[in-house]
Amino acid sequence: MNHWLSTLDARLAQLPVALALELPGGSRVGPERPDVALRFRGPTALAALAAGRLGHVGRAIVEGDVALEGSVRALMLAATGFLASD
């Protein structure tokens with residue numbers, strides 16, 4: 001999981017909105033007062049986020065494996081930072 005955390009930490013710092021992540025063990029990554037937060041209940045969606053597979057993260061939110069705190073608009077702005085740029 002350390003590889004995921006270093007990948008996510010670097011991306012979080014570059015996002016256009018403040019995004020915090022709560023990991024399955026309860027620890028947090030990201031700013032203390034975020035615009036939006038995601039609470040991961042397991043490692044699968046967290047790995048998908050680290051890999052930039054946003055569709056998998058979206059499905060996990062809908063299915064209840066990831067809890068969303070904040071507005072969907074802020075989440076969509078944060079998602080742009082996870083999209084690959086060529």
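**View 1. Helix 3 gives the largest share of the lining of the largest pocket, four residues.** This is a predicted model, where local features need pLDDT of at least 70, side-chain atom pairs count only at pLDDT 80 or more, and totals for chains, interfaces and linings use all residues. Residues are numbered from 1 along each chain as its sequence is written, and side-chain values use heavy atoms, with hydrogens and water left out. Helix 2 (43-50) and helix 3 (54-63) each supply at least two lining residues. Helices (H or I, at least four residues) and strands (E, at least two) are DSSP runs, numbered from the N terminus. A pocket is an open set of points on a 1 Å grid over the protein atoms alone, where a 1.4 Å probe fits, with protein on both sides within 12 Å along at least five of seven lines; lining residues have an atom within 4 Å of a point. The space in the largest pocket is about 170 Å³, a volume filled by probe spheres set on the points. Among its lining residues are Arg41, Gly42, His56 and Asp65. By class, three are nonpolar, three polar and five charged. Asp, Glu, Lys and Arg count as charged; Ala, Val, Leu, Ile, Met, Phe, Trp, Tyr, Cys and Pro as nonpolar; the others, Gly among them, as polar.

**View 2. Glycine 42 sits in the loop between strand 3 (36-40) and helix 2.** Glycine 42 counts as partly exposed because its relative accessibility is 22%; buried means under 20%, exposed over 50%, partly exposed in between (1.4 Å probe, protein chains only). Leaving out residues up to four places away in sequence, glycine 42 touches Pro24 and Asp65. Contact means heavy atoms within 4.5 Å.

**View 3. Four strands form an open sheet in the order 2-1-3-4, with mixed pairing.** Strand 2 (28-29) and strand 4 (66-70) stand at the edges, each with a single partner strand, so one side of each has no neighbour in the sheet. Two strands pair if DSSP finds at least two bridges between them. Strand 1 (residues 19-22) and strand 2 run antiparallel, joined by two bridges. Glutamate 22 has arginine 28, in strand 2, as its bridge partner.

**View 4. Leu19, Leu21 and Phe40 touch the most other members of the largest nonpolar core, which has 23 residues.** Helix 2 gives the most to this core, five residues. A nonpolar core is a set of buried Ala, Val, Leu, Ile, Met, Phe, Trp, Tyr and Cys residues joined through side-chain atoms within 4.5 Å.
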